[in-house]
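Subject: A structure for you to look at

Hi,

Here is the structure I promised to pass on. Please open it beside this email, and I will walk you through what was found.

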Amino acid sequence: MAISQVRAKVNGAWYTLTYNSSTGKYEATITAPGATSYHQSGGYYNVEVEATNTAGTKGTADGSSMTGLRLVVRERVAPVITILSPSSGAYVSNSQQPVIFTVVDESGGSGIDLNTLVVKQDGTDVGSGAIQTQAVTNGYSVTYTPESALGDGSHTVTVDVSDHDGNAATQKATTYTVDTVPPTLNITSPADGLITATASLNVAGTTNDATSSPVTVTIKLNGVDQGNVTVGSDGSFSKSITLADGTNTIEVTATDSAGKSSSVTRTVTLDASIPRVVSASITPNPVDAGATMIISVEITE
Ligand SMILES: [Ca+2]
Ligand SMILES: [Ca+2]
């Protein structure tokens, strides 16, 4: 008996093996399939081997009976983590601000292994209870929501994940600031209820924020924004506005970088009228010395 042909079928293609006299085995050097075996049944390519003798009789084997014919192919492209929000440097006013990111493997890759997903809040693993996932193309959209309120200040979330073939994504991180406290706002001018004869009025005060300065200030006069207000490094601000005749409502709002705001409203009355003496009389006139008389004056505003 003699062997006439030995061949192997890998991923649908047949390859002829040749006899190696030094090893006594039939061998071939072939190129592995270009795609991971992760999605194949059992996680491997089932390689078939067939030997034919000179009588034309075939003997076969494959991975179902011979584990050495179960070909595991791993792709070597790492998945990609993209943090969508909050972005690094952002200020947020929610002490349980959700952190939203995607973990996506390449098309045709082994896919994201969620068991390898590690999210850390300020260095501590957040655990699976704080994480929600939703499948997207080649991966997942993930939302991490802190289970308890974070303190005001800077916080960092890191994300790690690998695909099913063990390729680790480059770690991504976002560092953002939680700020739940609105800025202070103190109006030094005008006093509430001021009545003035001058249309030009200085609105002045100070503002500050412990966590996310600088603070922006807006001044609305009777509902109309009065334009840019410069806030000094010490938090002081001052702006001249022009009052309308009668009752004026001035609303000053200070807003920190996290969007938290404080407002103060002042009501000021502009009375620019000049009293005018229209007529006057003294009755009686002439009057007897030491007698009673009446002075009567008519005034308009
Ligand atoms: Ca991959
Ligand atoms: Ca604040």
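This is a predicted model: local features need pLDDT of at least 70, side-chain atom pairs count only at pLDDT 80 or more; totals for chains, interfaces and linings use all residues.

Before we start, one definition: two strands pair if DSSP finds at least two bridges between them. Strands themselves are DSSP runs (E, at least two residues), numbered from the N terminus.

Residues are numbered from 1 along each chain as its sequence is written, and chains are lettered from A and ligands numbered from 1 in the order in which they are written.

With pairing defined, have a look at the open sheet of three strands with the order 17-19-22 and antiparallel pairing. Its edges are strand 17 (184–189) and strand 22 (236–242), each of which pairs on one side only. On average, neighbouring strands here are turned by 25 degrees against each other, direction ignored; the axes behind such angles are lines fitted to C-alpha atoms, and angles between N-to-C directions run from 0 to 180 degrees. Five bridges hold the antiparallel pairing of strand 17 with strand 19 (residues 200–208). Which residue of strand 19 is the bridge partner of N186? That partner is T206.

**The domains**

The domain assignment gives domain 1 (3–71), domain 2 (80–178) and domain 3 (184–270); such bounds come from an automatic or database assignment. Between domain 2 and domain 3, six residues of the one are in contact with six residues of the other. Contact here asks that the C-beta atoms of two residues, placed from the backbone, lie within 7 Å. On the domain 2 side there are two nonpolar residues, three polar and one charged. For that count, Ala, Val, Leu, Ile, Met, Phe, Trp, Tyr, Cys and Pro are nonpolar, Asp, Glu, Lys and Arg are charged, and the others, Gly among them, are polar. The centres of the two domains, taken over C-alpha atoms, are 41 Å apart.

**Strands 25 and 26**

Strand 25 (276–283) runs antiparallel to strand 26, and seven bridges join them. Within this pair, A280 stands opposite V297 of strand 26. Why does strand 26 lie largely in the open? Of its seven residues, the number buried is zero, so the strand is largely open. Buried means 20 or more other C-beta atoms within 10 Å of a residue's own, exposed means 12 or fewer, and partly exposed is in between, with C-beta atoms placed from the backbone.

E298 sits in strand 26 (residues 294–300), and it counts as exposed because it has 10 C-beta neighbours inside 10 Å. Leaving aside residues up to four places away in sequence, E298 touches V278 and S279. S279 is 19 residues from E298 along the chain, yet their C-alpha atoms are separated by 5.2 Å.

**Some loops to visit**

The loop between strand 25 and strand 26 holds P286, which is joined to N285 by a cis peptide bond with omega about 5 degrees. Another cis peptide bond joins S85 and P86, with omega about -5 degrees; P86 is in the loop between strand 8 (80–85) and strand 9 (91–92).

Finally, N11, in the loop between strand 1 (3–10) and strand 2 (13–20), has a positive phi near 55 degrees without being a glycine. N11 is partly exposed, because 17 other C-beta atoms lie within 10 Å.

Enjoy exploring!

Conventions: Helices (H or I, at least four residues) and strands (E, at least two) are DSSP runs, numbered from the N terminus.
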